[in-house]
Every structure is written in C-alpha cells, then in structure tokens.
Amino acid sequence: MHPAARLSTSTAARLAAIGLAALLGLAAQTASAAELVVSAAASLTNAFRAVAAAYEQRHPEIRIVLNFGASDVLMQQIIQGAPADVFASADQLAMDKAQAEAVIVAATRRDFAANALVMIAPADSRLGLREPRDLLRPEVRRITYGNPSSVPVGRYARGALEAAGLWEPVSAKGVPAQNVRQALDYVARGEVDAGFVFATDAAILPDKVRVVTTVPTRTPIAYPIAVTSRTRAADEAGRFVDYVLSAEGQSILARHGFRPR
C-alpha cells in the first residue's frame with residue numbers, strides 16, 4: 001500500500017477514536033446530570049422557564065424538568081404517583097389538598113409570589129366593557145374563566161363574582177377553560193367577549209387582549225411551593241425552593257409581573 005494511503009487510514013482511525021471518545025464523554029456528562037421535576041401552575045410558565053434556566057446556569061449538574069398545568073390537575077397527578085420533586089400551586093386550596101394527602105413535606109411549604117385577578121377583553125373589542133357588571137349586557141354572550149373545580153383562577157373569579165352578586169348570570173354565559181392560559185387564548189383569539197385571568201397572564205399578550213379592570217378577590221392571590229414527600233432528591237429540591245425564594249429568584253419573578261410574597 002502507498003505510504004500516503006497508510007497515513008490517511010491511520011489518521012482516519014485516530015479521528016474516529018477521538019470522535020468516539022467525545023461521544024462517550026458527552027454521554028457520560030449527560031448521564032451524570034441529575035433531573036429535578038418541578039410541577040408548576042400554568043400561570044408560572046414563562047417565569048419558571050426563566051427561573052429554571054438561571055438555576056441550571058448556577059448548577060450545571062442539574063437539569064430542571066418543568067411540568068405545567070392546572071394546579072389541581074398537577075396535584076392529582078402527584079397523588080396518583082406521577083414523578084415530581086417540587087410542586088408550585090397558584091392557590092392555597094390545591095396545596096392544602098396536597099398536604100392533606102401527605103404528598104408534600106409540610107415543613108417546606110412557603111408562599112413565594114403574589115398576583116392579581118383581572119378582567120380582560122379582546123384588544124379589538126367594541127363592547128366598551130368597563131367593569132364586571134357590564135358582563136350582564138345582552139350583547140355579551142361568552143365569558144371565559146378557569147374551571148373552578150380544578151383551576152385556581154376560576155376559583156378566584158367565582159369568589160369575586162359571588163361577592164358582587166354576579167356569579168349566576170355570568171356563569172350562565174361561561175366557557176370554562178382547563179387552565180388560565182387556555183382562558184387567555186380564548187380571549188386573544190376573539191372566541192369569547194371577555195374573561196378572567198391573572199394579571200401576569202394578561203401581560204403576555206398586550207397586543208391581543210385589553211385589561212378592563214383589576215378585580216378584588218376575597219382572599220389575596222398567593223402562590224405556595226413545597227418539596228414533595230416522594231422525591232428522591234430532597235436536598236436538591238429544597239435548594240431549588242430556596243432559589244425561588246432568594247433575591248435572584250424573586251427578581252426573575254418580578255420581571256414577569258409577579259409581586260413579592
């Protein structure tokens with residue numbers, strides 16, 4: 001064989017070996033990255049993606065796996081055995097249920113953020129809505145809010161409307177959503193005349209929805225977080241909770257419109 005050919009073959013073999021070693025090293029690095037599953041309320045989607053990214057930068061050995069949904073749905077998933085190391089809810093009731101079922105460590109439960117309930121309408125709406133009582137007008141036909149049986153924003157909306165004596169007529173026009181982001185989408189697409197969401201959700205689509213008014217709620221809107229009782233990474237889960245409550249974590253939440261706890 002020509003010497004040049006032997007050199008080429010040898011070089012190719014070395015390159016192949018180097019490539020294989022690199023792949024094995026990458027695989028080992030990936031395998032060594034521990035996963036932490038965080039189940040969080042849908043209204044936390046944007047904020048917690050940012051929190052997780054910042055946490056991973058500080059802790060490259062950890063990969064945060066985010067699971068978003070209605071708080072009660074997530075709570076039921078955890079009760080039924082779905083993997084989760086941290087649970088963050090959009091209201092106290094969902095966390096109370098989780099605590100009653102002993103699927104969270106009660107001692108780790110802490111409030112980490114606050115929010116507000118707002119009434120919104122499509123940005124191009126010509127109905128001229130100004131307050132919840134305007135929803136009784138005959139030209140208002142469809143109103144969305146989270147299903148109160150499983151979605152915190154729906155419970156807050158129902159409580160506020162009950163206090164104002166408006167729940168029965170408003171719910172008669174109701175289009176219950178599976179979570180707050182679905183309610184936001186209904187309004188943004190003009191499929192309903194108005195809706196109730198959290199202020200942080202409305203802020204995501206300022207060109208698609210208009211905030212009609214902030215709606216007082218019976219109880220303050222507070223978000224609790226806790227380590228789950230079935231986690232196999234209790235220490236790391238606790239560190240993530242601490243990070244959410246830290247000055248840096250709170251700053252990230254504030255940038256997404258959440259108020260201090």
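This is a predicted model: local features need pLDDT of at least 70, side-chain atom pairs count only at pLDDT 80 or more; totals for chains, interfaces and linings use all residues.
1. Helices H9 and H10. Helix H9 covers residues 234-245 and helix H10 covers residues 247-255; their axes lie 4 Å apart and the packing angle is about 60°. Angles of 65 to 115 degrees would count as roughly perpendicular, so H9 and H10 are described as oblique to each other. On the H9 side, the contact is made by Tyr243, Val244 and Leu245. On the H10 side, Ala247, Glu248, Gly249, Gln250, Ile252 and Leu253 take part. Sorted by class, this contact has 6 nonpolar, 2 polar and 1 charged residues.

2. Helices H3 and H4. The axes of helix H3 (residues 71-79) and helix H4 (residues 92-100) come within 9 Å, and the crossing angle is roughly 10°. Angles under 35 degrees count as roughly parallel, and H3 and H4 are therefore roughly parallel to each other. H3 contributes Ser71, Asp72 and Met75, which meet Ala94, Lys97 and Ala98 of H4. The class count for this contact is 3 nonpolar, 1 polar and 2 charged residues.

3. Aromatic pairs. The whole structure contains 9 aromatic pairs. One of them joins phenylalanine 48 and phenylalanine 112, with 5.8 Å from centre to centre and 40° between the planes. Planes under 30 degrees apart would count as stacked and those over 60 as edge-to-face, so this pair is classed as tilted. Phenylalanine 48 sits in helix H2 (residues 45-58), while phenylalanine 112 sits in strand S4 (residues 110-115). The two are 64 residues apart, and the pair thus links distant parts of the chain.

4. Largest pocket. The volume of the largest pocket is about 220 Å³. Which residues line the largest pocket? The lining consists of Asp91, Arg155, Tyr156, Arg158, Gly159, Glu162, Thr217, Arg218 and Thr219. By class, 5 of these residues are charged, 3 are polar and 1 is nonpolar.

5. Rolling a probe the size of a water molecule over the atoms shows where empty space is left. In this model there is 1 cavity of 30 Å³ or more. The largest cavity holds about 60 Å³ of space. Its lining has 13 residues, and Ala42, Ala90, Val151, Pro152 and Val180 lie nearest the centre of the cavity. How many residues of the lining of the largest cavity are nonpolar, polar and charged? The lining divides into 9 nonpolar and 4 polar residues, with no charged residue. The lining of the largest pocket, as given above, includes 5 charged residues.

Notes:
Residues are numbered from 1 along each chain as its sequence is written. Side-chain values use heavy atoms; hydrogens and water are left out. Axes are lines fitted to C-alpha atoms, for helices over the stretch in contact, and angles run from 0 to 180 degrees between N-to-C directions. Angles under 35 degrees count as roughly parallel, over 145 as roughly antiparallel, 65 to 115 as roughly perpendicular and the rest as oblique. Contact means heavy atoms within 4.5 Å. Ala, Val, Leu, Ile, Met, Phe, Trp, Tyr, Cys and Pro count as nonpolar, Asp, Glu, Lys and Arg as charged, and the others, Gly among them, as polar. On a 1 Å grid over the protein atoms alone, a cavity is a set of points where a 1.4 Å probe fits but cannot get out, and a pocket is an open set with protein on both sides within 12 Å along at least five of seven lines; lining residues have an atom within 4 Å of a point. Grid points are joined across faces, edges and corners, and a volume is the space filled by probe spheres set on the points. Rings of Phe, Tyr and Trp (its six-membered ring) pair if their centres lie within 6.5 Å; planes under 30 degrees apart count as stacked, over 60 as edge-to-face and the rest as tilted.
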